[in-house]
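This report walks through selected parts of one protein chain. Look at the sequence and the structure first, then read the sections in order.

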Amino acid sequence: MVSVTKVAVIGLGTMGAGIVEVFAKGEFAVYAVDGTTELAERGRGFVTKSLDRAVSKGKLTEADRHATLDRITFTAELTDLVDADLVIEAVPERMEIKHSIFTALDDIVRPDAILASNTSSLSLTEIAAGTRHPERVVGMHFFNPAPVLKLVEVIRTVLVDESVADTVRELALQLGKKPVVVGDRAGFVANALLIPYLSRAIALYETGKVSRVDLDNAGRVGIGLPMGPLTLCDLVGLDVVHEVCKVMYDATKRPSDASPSLLRQLVLAGRLGRKTGQGFYDYSADAGVDEDAGTDAMTTSAAVVGEGELATQLVDAFAGAGVTVTAVDGPAAGTADLAGTPLVVVVGGGADGGFDTEGDEVDDWLATVTSTVDARTVVLTADEVSEFVLAGVLGEDIAILPLRLHQETKGGQVAEVGVILGTTPDQVAMVRATLAAAGFVPIAGPARPGVVVDALLFQHLNDAVAMVDAGYATPQDVDTAMTAGCGYPRGLFAILDELGADVVADGVVEQSVLDPSVVPSPLLLEHAARDLPFLS
Ligand code: 3HC
């Protein structure tokens, strides 16, 4: 087994420069290679900037910064790599470019040197099969930002010498990374789960029914992920997301894996995200930020009809925002004078925050409320009754919108409102502004199963179960991949077990009724039926 002391990284874009930094900080001698002297110098700039940032944050000493840079040789000459023990290719995702580099390396490096690719999406087997020694070709897939995120996917092909994969795995551990060893399948583990989640968010944005800020808040605050999906697309690069979508779709033919039309358009337009200064957001210095409606649109008076913790929480939150709140016990709904109240929230009175009151009883309250208010009033209903609203039984004249308060996460607590046909923009703005003033992070999306947060989360979880069902990865592998590779605070299976397979399965089944491209995983349904967790 070759002992690795000299490493080469080819391609000094965002990922390549990050990988150079990781190895140089790990005290390896590194050749940092790009196609021209200018590109190699640009790569030096990326690495230096990142190290300078670490120094300014007090995470690296000036002396270590110098020592790290001294270990790196920036070059435009592949022929310099004669004594490299490991070469990692991180050039753009085009098979012909990869082939030409690996072919050239065959004539340059020692026969026992390991050749690795950081490809996000292309077939490692195809890359390996085009070389003279396919047994030494392996995937070593880092995650952006490489200096921060711990995951390294080590991709084995059917041609690889097991000792090569073992060496790369050991090396990843030596660098302080978390390796997950997997076979050569489109998207591997992390991208195969992350990219469809991102592309669903893009597709939802493209409908015009959800704003980009709401989509990002759904991921960051609602689910509790480090970034929202559109911000993450801009970080990863829209071209990369598009390429992975194409490869995934080629492999699966699942409609949900296809690259959304808006993504294709942005890539064609050269808006690739942060690296070009524009993607879903504008990163130029003079770009404005998305403003919410502000507090101007909020209501000054509201009523909360119901009982239980949720009702109390809402009354307190509205009062704290300066709203004059009328609190009405559910059974007293009939005697309350709510005419002219701009916002009425009807809440069930169960012990766990109002979600388990008998549906019929809440329906009665709701019917009473809607008969006493007029068309200017917006009525919000919490949870179970939401389904009632979604079924379209009530509310021909009155806007009755489902409201869902999500679990609080690091970013805050999402109050999500499903918008039904006929709701006016002013009504939505009033609800959003009032919820925001009351301390919630408001999200407005179409009043369909899952609205935005659960529509994204449940399908993401369903995909993870399908991957396990296909025998490609274990629930533990998936959770390592998503926590170490995408910074998730908890793995997808940890989230799923907490929510309960039955809740998620019901949600996915509901979504599948409206969208035939959503296919509930049989394994999820089995776990739901037997009430079995995935992680023991
Ligand atoms: N290089 C080095 N360090 C960086 C960095 C970079 N490019 N970006 C951020 N950091 C460091 C910061 O210095 C900071 O360190 P500190 O906490 O010790 O001071 C730390 O990371 C956190 O950064 P910030 O405080 O600026 O911001 P956040 O807390 O929001 O973290 C983030 C930024 C690490 C990018 C985090 O938001 C995150 O993990 N996001 C998810 C990213 C993700 O999912 N990546 C995977 C994409 S898929 C992929 O890459 C595969 C490919 O094939 C497509």
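## The open sheet

Ala382 stands opposite Leu403 in β13. The model shown here is predicted. Strand β12 (residues 378-382) and strand β13 (residues 399-405) run parallel and are joined by 5 bridges.

These two strands are part of an open sheet of 7 strands, with mixed pairing, in the order β10-β9-β11-β12-β13-β14-β15. Because β10 (324-328) and β15 (441-446) stand at the edges and each has a single partner strand, one side of each is left without a neighbour in the sheet. On average, neighbouring strands of this sheet are turned by 25° against each other, direction ignored.

## Helices across the sheet

Which strands does helix α12 lie across? Helix α12 (residues 309-320) lies across β9 (301-306), β10, β11 (343-347), β12 and β13. Its direction is at about 155° to β11.

Helix α8 (residues 212-223) lies across β14 (414-419) and β15. The angle between α8 and β15 is about 120°.

## Helix α3 and its two faces

Helix α3 spans residues 62-70, and Arg65, Thr68 and Leu69 in it are buried. These residues cover an arc of only 95° around the axis, so they are on the same side of α3. The buried residues of α3 pack against α1 (14-25), α2 (37-56) and β3 (72-75).

The face of α3 turned away from its buried side carries the exposed residues Ala63 and Asp70.

## The annotated domain

An unreviewed UniProt entry carries the annotation "domain: 3-hydroxyacyl-CoA dehydrogenase C-terminal", which covers residues 187-283 and 450-524. Over residues 187-283 the chain is 62% helix and 0% strand, and the end C-alpha atoms of this span are 28 Å apart. Residues 450-524 are 72% helix and 0% strand, with end C-alpha atoms 17 Å apart.

## Asp463

Asp463 is found in helix α16 (residues 453-469). Is Asp463 buried or exposed? Asp463 has a relative accessible area of 7%, and since buried means under 20%, Asp463 counts as buried.

Leaving out residues up to four places away in sequence, Asp463 touches Leu193, Pro196, Arg200 and Arg254. Asp463 and Ser56 are 407 residues apart in sequence, and their C-alpha atoms are 41 Å apart in space.

Conventions: Residues are numbered from 1 along each chain as its sequence is written. This is a predicted model: local features need pLDDT of at least 70, side-chain atom pairs count only at pLDDT 80 or more; totals for chains, interfaces and linings use all residues. Side-chain values use heavy atoms; hydrogens and water are left out. Buried means under 20% relative accessible area, exposed over 50%, partly exposed in between (1.4 Å probe, protein chains only). Helices (H or I, at least four residues) and strands (E, at least two) are DSSP runs, numbered from the N terminus. The arc is that of the directions from the helix axis to the C-beta atoms. Contact means heavy atoms within 4.5 Å. UniProt positions are given in the numbering used here, feature names are shortened, and annotations may be inferred rather than shown by experiment. Two strands pair if DSSP finds at least two bridges between them. Axes are lines fitted to C-alpha atoms, for helices over the stretch in contact, and angles run from 0 to 180 degrees between N-to-C directions.
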